[in-house]
Amino acid sequence: MSDKTRVIQESVPGRQITIAHVIASPDKRVYEKIGLFDCEKEALGILTITPGEAAIVAADVASKAAAVTVAFMDRFSGTVVLAGDVTAVEASIEMVNSTLNELLQIQSAPVTKS
């Protein structure tokens, strides 16, 4: 009998942004793997938010803050992926951080960059 590792993923209720990351110049394979063929050569911004429904608010705030495209949004997982130039993506993520914190008391996360 072989040993198998079982991974259990739990969603812990909270009010927080857990990831706020900017990928300034993604490798072409990243776009391909996540199906963003229209966004090649653009920076990507990644947010994960709980509760997941706050992703809808985050997508709205981000798209109004700067010239970014909401490349992906999932209200169930709380994931938002933004695409645009680096400055616009950073500005959008910063605005999402501050707006969700001020309006919805969602704890913000430091914006990281690679």
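In which sense do strand E1 and E5 pair, and over how many bridges? I looked up strand E1 (residues 16-23) and found that it pairs with E5 in the parallel sense over 2 bridges. Two strands count as paired if DSSP finds at least two bridges between them. Strands (E, at least two residues) and helices (H or I, at least four) are DSSP runs, numbered from the N terminus.

**Basis.** I am reading a predicted model, where local features need pLDDT of at least 70, side-chain atom pairs count only at pLDDT 80 or more, and totals for chains, interfaces and linings use all residues. Residues are numbered from 1 along each chain as its sequence is written, and side-chain values use heavy atoms, with hydrogens and water left out.

**Sheet.** I traced the strand order as E3-E4-E2-E1-E5. The sheet is open, has 5 strands and shows mixed pairing. Its edge strands are E3 (69-74) and E5 (112-113), each pairing on one side only. I then checked which residue of E5 faces Val22, and Lys113 stands opposite.

**Helix on the sheet.** I turned to helix H2 (residues 54-65). H2 lies across strand E2 (43-50), E3 and strand E4 (79-84). H2 runs at about 175° to E3. Contact here means heavy atoms within 4.5 Å. Axes are lines fitted to C-alpha atoms, for helices over the stretch in contact, and angles run from 0 to 180 degrees between N-to-C directions.

**Salt bridges.** I found 3 in the structure. The criterion is a side-chain nitrogen of Lys or Arg within 4 Å of a carboxyl oxygen of Asp or Glu. For exposure I used relative accessible area: buried is under 20%, exposed over 50%, partly exposed in between (1.4 Å probe, protein chains only).

- Arg29 and Asp27 meet at 2.8 Å, N to O. Arg29 is exposed at 57%, and Asp27 is partly exposed at 37%.
- Asp60 bridges to Lys64, with the closest N and O atoms 3.1 Å apart. Both residues lie in helix H2, 4 residues apart, about one turn of the helix. Asp60 is partly exposed at 36%, while Lys64 is exposed at 63%.
- Glu90 and Lys113 meet at 3.3 Å, N to O. Glu90 sits in helix H3 (residues 86-104) and Lys113 in strand E5, so this pair ties together parts that are 23 residues apart in sequence. Glu90 is partly exposed at 27%.

**Last note.** I came back to Lys113. This residue of E5 stands opposite Val22, and its side chain meets that of Glu90 in a salt bridge.
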